[in-house]
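Here is a short report on one protein model. Keep the sequence and the 3D view side by side as you read.

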Amino acid sequence: SFSNLENTNLSNTNLHGTDLSGANLVNTNLIGVDMSNAEMGSVILKNANLENINLKNANLKSANLENAMLTNADLSNTNLENANIKNGDLSNANLSNSNLKNTNLDNAMLTDADLSNTKMVYTELNSANLVNADLRNAKIWKSNFDHAYMKGSNFVGTDVYATKFIKSNLQNSDFRNSKISSSTFLDSDISGINIIDIYPIETS
């Protein structure tokens with residue numbers, strides 16, 4: 001049974017397409033593992049090491065990834081709806097085309113991460129570090145970036161609706177060709193941002 005794999009070393013294992021739904025993988029070593037197309041709904045990966053992991057097309061709905069190490073991870077096309085990734089390290093991770101609806105990324109490290117074409121609806125990114133993150137063409141609706149550090153991030157072509165950037169640092173970020181409506185940038189640092197060809201900004 002895969003139900004309890006706590007503290008296990010599974011590094012560089014091929015678990016492509018494996019069903020690990022609801023499994024306990026707390027503190028597990030999953031460095032370099034192929035878990036593409038895996039079924040991992042409600043899996044517990046708290047404090048796990050997932051560096052260089054391949055989770056492409058995996059289902060991680062309602063997974064607990066709090067404090068997980070996900071540097072250089074491939075999470076493209078992954079379903080992370082309702083997942084808890086609070087305090088996770090996703091530096092240089094690929095989350096392109098992933099579903100981040102209602103995902104908790106508070107205080108997460110997302111420097112140089114690829115978040116292009118992601119679906120962020122009710123996503124929490126408070127106090128997250130998104131320096132130089134790529135959010136091109138993302139759908140960002142009703143999400144929170146309060147106290148987020150987003151210097152040099154790329155928002156080109158994004159659809160930003162009813163989202164809060166309160167006391168955030170958006171210095172030198174690129175918002176060209178983006179659509180921003182019903183959103184607030186209260187007390188945020190937007191010095192040096194590029195808003196050429198932006199749709200008319202409507203803020204509340």
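## Contacts along the chain

Start with contacts, meaning heavy atoms within 4.5 Å. Among contacts in the protein chain with a separation of 6 or more, residues 24 or more positions apart account for 0%.

This is a predicted model: local features need pLDDT of at least 70, side-chain atom pairs count only at pLDDT 80 or more, and totals for chains, interfaces and linings use all residues. Residues are numbered from 1 along each chain as its sequence is written, and side-chain values use heavy atoms, with hydrogens and water left out.

## Strands and overall shape

The protein chain has 5 strands and 0 helices. Both are DSSP runs numbered from the N terminus: helices are H or I with at least four residues, strands are E with at least two. The pattern along the sequence is β-β-β-β-β. The radius of gyration is 17 Å, close to the 17 Å that the globule rule gives for 204 residues, so the protein chain is as compact as a globular protein of that length. This radius is taken over C-alpha atoms, and the rule is 2.2 Å times the number of residues to the power 0.38.

Along its principal axes, the C-alpha trace spans about 55 × 25 × 20 Å.

## Surface and burial

Of the 204 residues, 49% count as buried. Buried means under 20% relative accessible area, exposed means over 50%, and partly exposed lies in between (1.4 Å probe, protein chains only). The accessible surface of the protein chain comes to about 8600 Å². Carbon and sulfur atoms hold 41% of that surface.

## Two salt bridges

Side chains of opposite charge can pair when their charged atoms come close. How many salt bridges does the structure hold? It holds 2. A salt bridge here is a side-chain nitrogen of Lys or Arg within 4 Å of a carboxyl oxygen of Asp or Glu.

One joins Arg136 and Asp134, with the closest N and O atoms 2.7 Å apart. Arg136 is partly exposed at 38%, while Asp134 is buried at 14%. Another joins Asp174 and Arg176, at 2.6 Å from N to O. Asp174 is buried, with 15% relative accessibility. Arg176 is partly exposed, with 33%.

## A look at Gly17

Where does Gly17 lie? Gly17 sits in the segment before strand 1 (119-121). Gly17 is partly exposed, at 44% relative accessibility.

Gly17 and Met35 are 18 residues apart in sequence, yet 6.5 Å apart in space, C-alpha to C-alpha. Leaving out residues up to four places away in sequence, Gly17 touches Ser36, Asn37 and Ala38.

Note on methods
Areas by Shrake-Rupley, 256 points an atom, 1.4 Å probe, with all protein chains shown as cover.
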